Amino acid sequence: MPSLFTPLQLGALELPNRIFMAPLTRARAGRQAVPNELMARYYAQRASAGLIISEATGISREGLGWPNAPGLWNDAQVEGWKGVTEAVHDAGGRIVAQLWHMGRLVHPDLGGGQPVSSSATTAPDFAHTYEGKKPYVEARSAALSDIGRIVEDYARAARNAVDAGFDGVQIHGANGYLVDQFLRDSANLRDDEFGGAIDNRIRFAREVLQAVGDTIGMDRVGIRFSPNILVQGVDDSDPIALYSELAKTLEELQVPWIELREPNKTTSSGSVPTAPVSPAMRAHYSGKIVINSDHDWTDARGRIEDGHADAVSIGRLFIANPDLVKRLALDAPLNTGDSGTFYSGGAQGYTDYPELGEQEAA
Ligand SMILES: Cc1cc2nc3c(=O)[nH]c(=O)nc-3n(C[C@H](O)[C@H](O)[C@H](O)COP(=O)(O)O)c2cc1C
């Protein structure tokens with residue numbers, strides 16, 4: 001049986017180990033959403049991950065509603081990301097871009113105009129804006145012409161990602177954002193070919209994957225889901241049925257890997273999980289399955305060794321431990337992250353977590 005340290009082929013990507021860095025929004029790109037040298041340093045410090053999945057990255061101004069998060073829709077952003085991907089590659093790593101449209105979770109202060117979603121709904125709770133938290137506003141239901149345009153935005157962002165030196169992309173289909181707003185029936189109230197029956201709710205994800213695969217090659221494309229938890233007001237009445245059908249679509253499209261945020265206990269944000277869907281997906285899907293979320297890493301190691309997953313992605317521990325792979329290999333103590341600096345901007349709590357040698361020397 002493989003271990004966390006067994007190499008893995010993921011479509012076109014050859015990975016030296018199975019410990020991935022999960023996508024982590026860190027809000028250091030500034031208002032123009034352009035990556036910078038500080039971000040290059042942060043990612044390069046974590047290059048020993050089997051694969052780095054970048055922080056969620058806006059495919060368009062319309063789709064990006066997180067203050068200071070990066071984008072991939074213009075030349076300045078492509079140039080900024082080049083510095084990041086070069087630094088990661090120079091340090092021996094691999095990195096894919098997580099492509100993001102936030103749908104109804106974009107506040108008009110950031111995106112410009114009323115947000116767009118599968119249906120005219122309003123997300124619960126509050127949006128992050130440059131002036132602090134504000135209530136979400138009601139989204140407008142995407143017209144068919146919007147859907148076509150947004151699919152093109154995904155394809156353009158994927159082309160930009162490759163031009164910026166990324167090794168591939170991951171579509172963000174999790175956590176209540178736009179793809180998830182189409183997939184799960186608490187947010188998708190449409191009665192046309194993009195809503196209602198499961199096949200219709202899958203259609204948006206299918207079109208995005210097809211367009212992105214046609215643009216950069218499907219062997220460089222993955223997708224992330226959060227199938228068994230309620231996130232930002234989005235969940236489903238029958239997750240096993242939905243994600244089983246989705247697995248058939250992914251198999252048909254030959255998407256080489258998926259990442260599932262699939263906790264088996266109440267998450268750090270208080271969401272209580274339903275039954276895992278990965279066993280049902282596995283029955284229909286021969287690609288690689290990466291699991292994530294709220295596992296302590298010994299639990300994750302067990303799920304790889306017993307064959308339930310091919311790799312594990314780790315979030316918060318990678319924030320606090322740039323050399324996490326080495327620490328896991330040596331069973332060394334782990335630093336604890338400071339949630340106060342997750343989105344605070346600047347180097348503190350970002351590039352200043354010590355590596356093992358530095359700690360011993362200190
Ligand atoms: C600070 C922070 C930022 C996050 N940003 C993203 C993101 O950009 N995209 C995403 O899909 N998930 C994001 N997540 C979720 C993580 O990828 C991961 O699913 C979650 O932290 C659980 O994994 P962990 O227990 O290993 O931390 C974020 C989580 C945290 C704590």
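A: The buried residues of α1 are covered by several elements, including β3 (19–21), β4 (51–58), α2 (75–90), β5 (95–100) and α10 (316–320). Contact here means heavy atoms within 4.5 Å. Helices (H or I, at least four residues) and strands (E, at least two) are DSSP runs, numbered from the N terminus. This is a predicted model: local features need pLDDT of at least 70, side-chain atom pairs count only at pLDDT 80 or more, and totals for chains, interfaces and linings use all residues. Residues are numbered from 1 along each chain as its sequence is written, and side-chain values use heavy atoms, with hydrogens and water left out.

Helix α1 spans residues 37–45. Its buried residues are Met39, Ala40, Tyr42, Tyr43 and Gln45. Buried means under 20% relative accessible area, exposed over 50%, and partly exposed in between (1.4 Å probe, protein chains only). Asn36 caps the N-terminal end of α1. A side-chain oxygen of Asn36 lies 3.2 Å from the backbone nitrogen of Leu38.

Now the rings. Tyr42 and Tyr43 belong to a cluster, linked by ring pairs with Trp81, Phe166 and Tyr350. Rings of Phe, Tyr and Trp (its six-membered ring) pair if their centres lie within 6.5 Å; planes under 30 degrees apart count as stacked, over 60 as edge-to-face and the rest as tilted.

The whole structure holds 12 aromatic pairs. One of them joins Trp66 and Tyr343: the centres are 5.1 Å apart and the planes sit at 50°, so this pair is tilted. Trp66 lies in the loop between β4 and α2, and Tyr343 in the loop between α11 (324–330) and α12 (356–361), so the pair ties together parts 277 residues apart in sequence. Trp66 is buried, at 13% relative accessible area. Tyr343 is partly exposed, at 44%.

Tyr343 leads on to the open space. A pocket is an open set of points on a 1 Å grid over the protein atoms alone, where a 1.4 Å probe fits, with protein on both sides within 12 Å along at least five of seven lines; lining residues have an atom within 4 Å of a point. The largest pocket is lined by 40 residues. Nearest its centre lie Leu24, Asn175, Arg261, Ser268 and Tyr343. The elements giving two or more residues to this lining are β5, α9 (297–305), β14 (311–314) and α10. Both β5 and α10 are also among the elements that cover α1's buried residues.

Definitions and conventions
A polar contact is a pair of N or O atoms within 3.5 Å; within protein, one must be able to donate a hydrogen and the other to accept it, and residues adjacent in sequence count only if both atoms are side-chain atoms.
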